[in-house]
Amino acid sequence: MRFVRLNTDIPAPYPLLFPWFHRWILLMTRVPGVPLDKTWSGLPESSRTEIIDQLSSFTSQQHSLRSPNGQKICSVLGGPVFDARINSMRYQSGPFDNEDTMNAALRDSQPLDSMPYDVRRSHSIKHPITFT
């Protein structure tokens, strides 16, 4: 969240950690404003257009962020990430040096040529690594 606050105009909550019975609880502050589901139907078209433009700007800013870790697929601090598709019994995976190493983890290190056509096709496409 700090990385987003420092590098964009996107409102971001502040994380708050609290100890609780030998565990840590993560809470987050709320960003200012009113939930859209409470106001959208009563907004004039001009306000809706302004909100859509603002959300579009937030999305563009987020996608233009570049990781301080280059092409690695990792947390913003360079550590592991959570991806439920990779051995869902683990909470964290990686970091991965690149898309190929993450795809290998998704395949449980099975060779690409042993996979069904859809997997071979999908894992052969190179995607831009963006901050999401």
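Which residue in E2 does Pro 19 stand opposite? The points below take up this question along with the fold as a whole.

1. The structure is a predicted model. Its chain contains five helices and two strands.

2. The overall form deserves attention. For 132 residues the globule rule gives 14 Å, but the chain has a radius of gyration of 19 Å, well over that value, so the chain is more spread out than a compact globule. The C-alpha trace spans about 55 × 45 × 30 Å along its principal axes.

3. The two strands belong together. Strand E1 (residues 15-20) and strand E2 run antiparallel and are joined by six bridges. Within this pairing, the residue opposite Pro 19 is Trp 24 in E2.

4. The connection between the strands is also described. E1 and E2 form a hairpin, with two residues between them. In the turn, Phe 21 has a positive phi of about 50 degrees.

5. Is strand E2 largely in the open or buried? Strand E2 covers residues 23-28, and the number of its six residues that are buried is zero, so this strand lies largely in the open. In the chain of 132 residues, 20% are buried.

6. Contacts and surface complete the account. Among contacts with a separation of 6 or more, 33% link residues 24 or more positions apart. The chain has an accessible surface of about 10,300 Å², and carbon and sulfur atoms account for 57% of that surface.

Methods:
Residues numbered from 1 in each chain as written. Predicted model: local features only at pLDDT ≥ 70, side-chain atom pairs only at ≥ 80, totals over all residues. Heavy atoms only, no water. Helix = DSSP H or I, 4+ residues; strand = E, 2+ residues; numbered from the N terminus. Rg over C-alpha atoms; globule rule 2.2 N^0.38 Å. Buried < 20%, exposed > 50% of the residue type's maximum accessible area, 1.4 Å probe, protein only. Contact = heavy atoms within 4.5 Å. Areas by Shrake-Rupley, 256 points an atom, 1.4 Å probe, with all protein chains shown as cover. Pairing = 2+ DSSP bridges.
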